[in-house]
Amino acid sequence: MLPILQPFLAWYVVIQLVGLAALPLAWRIFTHLPDRGAAFSKPLGILLLGFLLWWGTSYGLLRNSAGGAWLALLLLAGVSWGLGWRTVRTAFQERRLPVRGGWRTLLAVEALFLLAFLGWTLVRAYDPAINHTEQPMDLMFMSSIWTSPTYPPQDAWLAGYAISYYYLGYWLLVTLARLAGQLPQVAYNLGQACWFGLLLTTSFGLGFNLLAGDPGKEPKAAQANPPRSAYTGGLLSALAVGLMGNLQGILEWLHAQGVDVSGLARLVDVRGFPEQAPVTGEWFIDRGWWWWRSSRVLRDTDLLGNHMEVIDEFPFFSYLLGDNHPHVLAMPFVLLVLALLLNLFRGLRSPAVSGGKGATASPRWAWIAPLQGLATRLPGGILGTAVLLLALGGLVTVNTWDFPPYWLLLALVLLVVGARHTGLGRPLLAWAGGVALLVLAATVAVYFPYFLTAQSQAQGFLPNLFNPTHLPQFLLMFGHFLLGTGVLFALAWREAAPSPARLAVSLGLSLGLPLAFLAVTAFLALNTALGREAIERMTLPPETPGYAQAILGRWLARPWTLLLVGILVGLAGALVWQRLAVTDEPATGERPSDDTTFVLLLAGLGLLLVYTPEFVYLRDFFGTRMNTVFKFYYQGWLLLALSSSYALVLGLRQLTRLRPASLVSGAALLLSLATLIYPVAGVYSKTGGFVSPAPTLDGLAYVGDDERAAMAWIREHVPPGAVVLEGKGASYRADRSRFSAATGRPTLLGWDGHESQWRGKAYSQMAQGRPEALETIYRTGSPVEIAAALERWGIEFVVVGPAERADYELTPQAEARLAQVMTLAFEQGGVRIYQRRGPVSVPSLAQKPGVP
């Protein structure tokens with residue numbers, strides 16, 4: 001176990017140093033959270049550390065190296081401890097942590113992180129290979145950043161071009177790897193385990209802080225121990241966000257035990273279940289990839305009934321699969337943003353101070369006076385606001401899909417808080433909208449270097465005319481969370497029931513606007529040339545007279561998901577709206593819970609995210625709603641898991657009274673806990689029962705000895721940036737483009753299908769001439785033509801291995817022609833590396849290969 005323990009301890013020490021460096025800053029900013037940011041200091045430190053190194057590298061102030069990373073860490077620690085020293089000194093003088101619950105809370109957070117980090121490190125050690133799905137792509141990004149000492153980070157699969165993807169999450173992983181002294185293939189697995197720990201810890205922190213009260217509002221309560229329910233809510237939040245599966249896992253387990261679930265299977269109609277699921281009698285179901293089906297419970301079809309892929313991943317599936325994709329890497333920072341927004345919400349929600357309603361300098365600007373007082377109550381002042389903007393804007397560069405929902409949540413928080421002081425109206429909308437636009441502008445300004453190389457495949461939006469979601473499949477995905485959402489709504493209704501007028505307007509908008517949108521877009525699709533061109537790409541079955549009948553038939557058969565979720569969105573809107581109408585001192589003497597209002601915003605946003613793909617989706621490379629469902633459902637899972645956990649704890653407090661909310665809470669909790677069979681059985685299956693004779697964290701340990709030796713030679717002898725040619729890649733093939741992925745040295749053409757996704761229409765021009773150059777060098781070229789191709793494309797090294805011999809039918813005669821113009825620099829077994837004669841040239845990204 002020593003090969004596992006040493007890198008684990010190195011990474012653990014580094015992450016503790018980063019968290020400790022940011023802790024005083026967290027204490028200073030999170031003044032309205034009972035844990036004072038203890039659960040968020042690590043992601044806060046990682047984000048600020050990575051940003052400092054990235055920003056410094058982008059402007060030539062730092063180098064992307066181990067030295068640059070340590071310098072950035074020292075700078076972070078100096079700023080954080082300098083700004084937060086007063087809080088630290090007070091804690092020492094009073095011999096009391098500024099954390100509600102003191103050491104108990106701090107140890108709970110640290111124990112959860114250590115347990116999750118160590119546990120998932122062991123899982124990765126028994127399943128370390130970076131060899132399936134899109135794992136090689138993730139490794140390529142990490143290796144490319146590792147070998148790019150200056151800005152911008154190069155794309156190892158398209159020599160001469162910078163990465164065109166949301167890459168800051170990979171940058172953060174590599175920054176920690178530099179501090180821990182781990183190569184990317186080891187950091188891949190350790191980083192994923194660390195992120196799993198961060199995911200559970202931050203989820204725990206948000207649940208705990210929601211239920212432990214506001215220390216800024218109740219200073220005396222801040223000195224007392226938090227209620228047990230706060231710890232329970234934190235643990236339930238961690239389980240719901242990071243460990244629970246959807247309900248398909250329960251069906252898989254029941255079927256494997258021989259229970260007849262054929263009726264349910266026909267109802268939910270999940271592809272491949274149960275016909276491709278054997279009855280094994282094993283508690284872990286079987287050793288295959290049965291767990292994959294839980295990420296594909298939704299099922300779209302074209303008009304002929306052919307299957308159309310839809311992805312409905314959730315966090316634990318992503319970790320079990322093992323891909324370090326942006327949507328996985330972003331999650332701890334999304335939770336950090338939510339914590340910052342909760343802190344902001346609590347800090348701004350107190351009753352209006354001087355300059356409140358009616359206090360004005362002039363009648364024209366009377367509406368702004370109450371809002372001016374809000375600026376004085378910003379948690380952490382300008383510093384806290386800057387950190388919020390940095391974290392929120394950073395989502396654009398970590399996973400762009402995550403920015404719009406939380407940017408919208410910021411605007412909603414400002415609206416809710418502002419309505420307390422001014423009432424709803426156009427001035428408030430203008431104020432909140434103006435602040436939101438300023439956040440957009442600040443994001444572009446702060447992360448400007450990222451936008452210089454970013455490209456997109458997005459081509460607008462399309463209406464979802466043909467594939468309403470089958471309600472049983474939707475419930476299979478979110479049913480256990482919807483029960484908790486129902487409890488939340490019932491509790492909120494009891495506190496402040498919406499008036500019939502508000503309820504009618506809210507439901508009218510939530511159902512009417514999507515239906516009107518579908519009706520208008522269907523009319524345009526059927527009656528305009530552009531619309532007909534779009535829908536006629538989907539072939540009509542012979543028995544269907546026209547597209548109008550096809551659209552109507554699909555929606556009449558399956559309207560229930562849109563109606564159910566639309567009603568829930570409307571209810572969330574009505575409940576929040578009613579709470580805004582409650583005066584500061586209602587006749588009952590009690591205000592509705594502000595924390596419940598915040599959770600209603602989370603639930604409403606989560607429902608809106610899973611509602612949106614019912615009627616519209618982003619037009620991208622795939623041409624279907626697959627990616628929109630994937631990315632929106634992923635964030636919907638997070639928000640519904642958090643809001644449901646909060647509601648279940650509140651509902652279970654009333655269990656002794658046997659109220660309906662408490663009974664539903666108990667049923668929802670039992671159903672949610674039953675989904676934990678998915679992670680337990682899934683991990684045992686994916687790791688092969690933990691029986692590997694040689695567990696390792698090296699993700700390239702599976703590679704043959706000859707190619708591993710060649711990779712090590714390239715790392716040692718080839719300068720970063722020098723072009724090392726290997727055969728053309730193929731998407732999802734770990735045995736192709738493997739040297740560039742492992743070493744970060746750019747090749748001419750890697751996974752071209754993925755490059756096309758990342759770069760959109762611009763890719764065809766970027767790749768022009770590259771396939772022909774590969775053919776010339778590996779198959780058809782004479783020595784003179786090979787030399788000319790090497791010169792034109794700036795190729796310094798050429799790899800000849802089993803993949804190249806197979807793909808290009810490389811004969812000994814063709815390899816001999818290559819040897820006439822190059823020197824054999826490495827040979828082991830069936831792998832050879834040829835080096836161009838003369839000094840090695842490393843072109844800059846401004847010098848595009850193949851461009852005269």
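The side chains of Glu 796 and Arg 836 form a salt bridge, at 3.5 Å from N to O. Glu 796 sits in strand E6 (residues 795-800) and Arg 836 in strand E8 (residues 831-836), so the pair ties together parts 40 residues apart in sequence. Glu 796 is buried, at 2% relative accessibility. Arg 836 is buried too, with a relative accessible area of 17%. A network of salt bridges with shared partners joins Glu 707, Glu 726, Arg 738 and Glu 804.

## Basis and terms

This is a predicted model: local features need pLDDT of at least 70, side-chain atom pairs count only at pLDDT 80 or more, and totals for chains, interfaces and linings use all residues. Residues are numbered from 1 along each chain as its sequence is written, and side-chain values use heavy atoms, with hydrogens and water left out.

A salt bridge is a side-chain nitrogen of Lys or Arg within 4 Å of a carboxyl oxygen of Asp or Glu. Buried means under 20% relative accessible area, exposed over 50%, and partly exposed in between (1.4 Å probe, protein chains only). Helices (H or I, at least four residues) and strands (E, at least two) are DSSP runs, numbered from the N terminus.

## Other salt bridges

The count comes to 27 salt bridges. One of them joins the side chains of Arg 625 and Asp 300, at 2.7 Å from N to O. Arg 625 lies in the loop between strand E4 (616-618) and H25, and Asp 300 in strand E1 (residues 300-301), so this pair ties together parts 325 residues apart in sequence. Arg 625 is buried, with a relative accessible area of 2%. Asp 300 is buried, at 4%.

Arg 736 and Asp 735 also meet through their side chains in a salt bridge (3.0 Å, N to O). Arg 736 counts as buried, at 11% relative accessibility. Asp 735 counts as partly exposed, at 36%.

## Nonpolar cores

A nonpolar core is a set of buried Ala, Val, Leu, Ile, Met, Phe, Trp, Tyr and Cys residues joined through side-chain atoms within 4.5 Å. The largest has 242 residues; Trp 195, Leu 338, Tyr 406 and Phe 478 have the most contacts inside it. Helix H25 (residues 626-652) gives the most to this core, with 17 residues. Apart from this core lies another, of 28 residues, among them Leu 749, Tyr 763, Ala 767 and Leu 774.

Contact means heavy atoms within 4.5 Å. Not counting residues up to four places away in sequence, Leu 338 touches Leu 206, Tyr 406, Leu 409, Phe 598, Leu 602, Leu 638, Leu 639 and Leu 642.
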